[in-house]
Amino acid sequence: MSRQAYVNGRFAPHGEAVVHIEDRGYQLADGVYEVWAVMGGRLSDAEGHFARLERSLGELRIPMPMSRKALELVLKETLRRNRVREGLLYLQVTRGVARRDHAFPTTPVTPSLVITAKALDRQASNAKAEAGVGVITLPENRWGRCDIKTIGLLPNVLAKQAAREQGAAEAWFVDAEGLVTEGASSNAWILDRDGVLRTRDTGANILRGITRHSLLEVIAEAGVKVEERPFTPAEALEAREAFITGAGTLVTPVTSIDGRPVGNGHPGEMALRLRDLYIQHARKAGI
Ligand code: PDD
């Protein structure tokens with residue numbers, strides 16, 4: 001069966017689904033997005049992603065395109081039509097279509113809503129993730145509202161490309177204080193020399209990762225010590241382990257930073273254990 005996308009109230013074959021050339025998302029990146037991991041046909045951490053979507057839209061004064069309940073139905077229908085059991089669900093809401101002008105349209109417009117689903121070979125992606133990934137570090141150059149999950153991702157795009165060109169999978173942004181903020185599409189963690197898990201606090205200019213949030217609960221249940229406290233790239237290199245979290249990567253060990261090994265250069269035991277625990281949690285708690 002061919003892929004289908006949901007665009008503004010109807011499903012269309014993926015290759016034919018289009019938005020207007022004056023969509024403010026297309027011209028001005030005036031919109032937000034969400035990505036759900038799909039496991040066993042269920043949306044992982046669904047509530048957290050809905051809540052963040054509502055918050056991102058609220059911060060930009062874009063109305064919810066439909067109720068949370070209705071949205072949930074459309075998301076599930078997108079999964080069903082695409083027969084996705086393991087994969088990713090992408091949702092994007094923009095302010096809508098209007099004659100190009102930086103300021104908001106003066107007459108009310110309807111937000112544009114696009115939803116797509118992508119199947120993943122979970123076994124292959126697990127094997128890849130469990131082997132660990134390399135990250136590079138780059139100076140933080142994003143705007144001051146990284147808590148909003150906006151589609152304006154150019155610094156993230158360039159950072160990810162730089163990582164790829166250096167044989168790495170992710171780029172960590174480092175702020176003016178020399179502290180890691182987060183990855184281009186994931187949150188950053190270490191298991192420090194004292195055996196304490198550490199990730200940046202949400203008072204910093206980072207996305208409040210839903211996987212990060214759930215993993216903090218999983219960690220608390222497992223009784224492992226954790227602190228929401230920043231770290232430098234040097235501390236990460238001296239750490240026992242490092243890893244990243246996100247809907248795309250779940251929990252993925254980091255084995256090198258800027259080409260230098262983390263710990264023994266192999267995926268960390270704690271990261272792999274947390275990956276397992278997180279996946280168990282997500283499979284149970286998904287809707
Ligand atoms: N990215 N930080 C950034 C900058 C991100 O883009 C993401 C997610 C995360 C992790 O957030 P969460 O755990 O809620 O997925 C952190 C998604 C997956 C993406 O852009 O595809």
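## The ligand and its polar contacts

In this predicted model, the side chain of Y33 places an N or O atom 2.6 Å from an oxygen atom of the ligand. The side chain of E182 has an N or O atom 2.6 Å from a nitrogen atom of the ligand. A polar backbone atom of I210 is 2.8 Å from an oxygen atom of the ligand. A polar contact is a pair of N or O atoms within 3.5 Å; within protein, one must be able to donate a hydrogen and the other to accept it, and residues adjacent in sequence count only if both atoms are side-chain atoms.

On its own, the ligand has 470 Å² of accessible area, and the protein covers 89% of this. Such areas come from the Shrake-Rupley method with a 1.4 Å probe; for residues, only the protein chains shown count as cover.

## The shell around the ligand

There are 21 residues around the ligand, a residue being counted if one of its heavy atoms lies within 4 Å. Of these, Y33, E182, I210, T211 and A247 come nearest. By class, the shell has six nonpolar residues (Ala, Val, Leu, Ile, Met, Phe, Trp, Tyr, Cys and Pro), four charged residues (Asp, Glu, Lys and Arg) and eleven polar residues (the others, Gly among them).

Domain 1 (4–120) and domain 2 (125–285) each give at least three residues to this shell; the domain bounds come from an automatic or database domain assignment.

## The six-stranded sheet

An open sheet is formed by six strands in the order β2-β1-β6-β5-β3-β4, with antiparallel pairing. Because β2 (10–13) and β4 (42–43) stand at the edges, each with a single partner strand, one side of each is left without a neighbour in the sheet. Strands (E, at least two residues) and helices (H or I, at least four) are DSSP runs numbered from the N terminus, and two strands pair if DSSP finds at least two bridges between them.

Eight bridges join β5 (residues 87–94) to β6 (residues 112–119) in the antiparallel sense, and L91 has I115 of β6 as its bridge partner. I115 is also the bridge partner of Y6; β1 and β6 pair over two bridges. Strand β1 (residues 4–7) pairs with β2 over four bridges, and V7 is partnered by R10 in β2. Two residues lie between β1 and β2 in their hairpin, where N8 in the turn has a positive phi of about 45°.

## Notes on the model

Residues are numbered from 1 along each chain as its sequence is written, and side-chain values use heavy atoms, with hydrogens and water left out. In this predicted model, local features need pLDDT of at least 70 and side-chain atom pairs count only at pLDDT 80 or more, whereas totals for chains, interfaces and linings use all residues.
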